[in-house]
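User: I want to learn how to read packing and backbone features in a protein model. Can you take me through this one?

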Amino acid sequence: MAERTPLGITVGSLAVLGPRATTDIARLAESMHYRSLWTVEATGTDAFTLLGAVAAVAPGMGLGTGIVPIQLRTPPLAAMSAATLQALSPDADVWLGLGVSAPGILRQHGRPGADRPLAMMREYVALVRECLSGESVTFEGDYWQVRRFRLGVRLGERRPKIVMAALNPGMLRLAGEVADGVLLNYLPASHVGPSVAQVRSGGDATVFAYVHAAVGDFERRAMSARRDLFNYAMADGYARMFRASGFADEVDHIRARQAERDRDGALAAVSDRMVQAIDFIGDEDEVTRFIRGYVEAGVEYPVLMPMPWGDDRFAVTKATMEAAARAVA
């Protein structure tokens with residue numbers, strides 16, 4: 001019998017439900033045979049506090065950060081946090097998802113951007129690995145300098161794994177080379193193949209992908225998706241990826257309208273085709289097929305990002321989770 005495709009869920013899209021809902025989502029996900037729960041870190045909840053709560057109520061659930069910005073946490077602190085989660089859940093996978101954060105997030109934290117993001121990420125991953133070793137670490141890099149750090153958390157054979165968020169070719173290749181996994185995001189299934197090829201040119205990292213979906217009526221919920229995609233199209237890294245994925249006209253029109261302070265026009269420039277390729281809205285069977293499309297395209301470990309667009313947000317989330325679970329059953 002073929003091994004079942006692992007499926008994760010992120011609460012990164014569920015802030016509207018409040019932090020306390022995370023443990024409810026974890027229990028629900030466990031009952032549906034999801035393998036891991038992921039969190040995000042920007043300006044709301046921090047990632048590790050929520051995952052610690054999940055470890056208490058669903059001790060067998062894998063725990064993933066997707067992502068923590070490398071400019072906000074030192075490598076020793078990231079290693080400490082990941083090791084703590086692993087000690088709390090010694091038999092579960094811990095995925096330390098790392099990414100170079102967008103300038104808008106960094107400005108809110110008073111941190112500078114990355115002038116050489118590939119070099120910064122390579123150095124960060126190398127230092128985190130050394131810190132997780134349990135040995136004394138002295139490190140002199142371009143971005144971080146550490147003197148005689150030794151991790152004070154005892155770990156067994158299972159250790160946290162490193163996942164890199166990557167959008168564009170250089171970071172995808174680097175993830176394949178230095179990480180245990182790569183996390184794709186806002187990428188249509190039709191363009192997973194080229195990204196996987198870039199990863200494989202660097203190495204054999206496991207390919208994760210956030211898969212955005214909502215069970216609901218398209219006509220009633222499409223504007224929520226347009227607002228979401230508008231925000232990401234205004235970020236340079238995502239804009240480049242959207243263009244490479246076949247949405248250059250949409251990105252150009254979105255940005256042109258926004259430059260003229262025409263917000264309504266910018267939102268209208270997000271086409272139905274773009275919405276249904278990235279932030280899919282449909283009935284249960286359609287969502288199941290959408291999720292399955294990512295697996296067929298080469299994603300080894302899909303992670304559902306349920307978009308809670310509806311009058312009863314928890315009910316929409318639950319229905320979307322059920323539909324996604326059927327895709328890998």
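Predicted model: local features only at pLDDT ≥ 70, side-chain atom pairs only at ≥ 80, totals over all residues.

User: How are two packed helices described?

Analyst: Two packed helices are described by the angle between their axes and the distance between the axes. Here, take helix α1 (residues 21–31) and helix α2 (residues 47–57). Their angle is about 45°, and the axes are 9 Å apart. α1 and α2 are therefore oblique to each other. The crossing of α1 past α2 is right-handed.

User: Which residues of α1 and α2 meet?

Analyst: From α1 come T22, T23, A26, R27 and E30. From α2 come L50, A53, V54 and V57. By type, this contact holds five nonpolar, two polar and two charged residues.

User: What should I expect of nonpolar side chains?

Analyst: In soluble globular proteins, nonpolar side chains tend to be buried together. In this model, the largest nonpolar core has 115 residues. Y34, L37, L98, M164, F242, I291 and M321 have the most contacts inside that core.

User: Which residues does L37 touch?

Analyst: Leave out residues up to four places away in sequence. L37 then touches I9, V11, T22, I25, A26, L51, V54, M61, G62, L63 and G64. Among these partners of L37 are T22, A26 and V54. T22 and A26 in α1 also take part in the contact with α2, as does V54 on the α2 side.

User: Where are the buried residues of α6, and what do they pack against?

Analyst: Helix α6 covers residues 169–178. Its buried residues are M171, L172, L174, A175, G176 and V178. They pack against α5 (117–132), β8 (161–165), β9 and α7.

User: Now the backbone. Which residues other than glycine have a positive phi?

Analyst: Y186 is one of them, with phi near 55°. Y186 sits in the loop between β9 (181–184) and α7 (192–202). R261 is another, with a positive phi of about 60°. R261 belongs to the loop between α9 (236–259) and α10 (263–268).

User: Is each one buried or exposed?

Analyst: Y186 has a relative accessible area of 2%, so Y186 is buried. R261 is at 78%, so R261 is exposed. The cut-offs are under 20% for buried and over 50% for exposed.

User: Where is the cis peptide bond?

Analyst: The cis bond runs from G66 to I67, with omega near 10°. I67 is in the loop between β3 (62–65) and β4 (68–69).

Key: Residues numbered from 1 in each chain as written. Heavy atoms only, no water. Axes fitted to C-alpha atoms, helices over the stretch in contact; angles between N-to-C directions. Helix = DSSP H or I, 4+ residues; strand = E, 2+ residues; numbered from the N terminus. Parallel < 35°, antiparallel > 145°, perpendicular 65-115°, else oblique. Left-handed = near helix turned anticlockwise from the far one by under 90°. Contact = heavy atoms within 4.5 Å. Nonpolar A, V, L, I, M, F, W, Y, C, P; charged D, E, K, R; others polar. Core = buried A, V, L, I, M, F, W, Y, C linked by side-chain atoms within 4.5 Å. Buried < 20%, exposed > 50% of the residue type's maximum accessible area, 1.4 Å probe, protein only.
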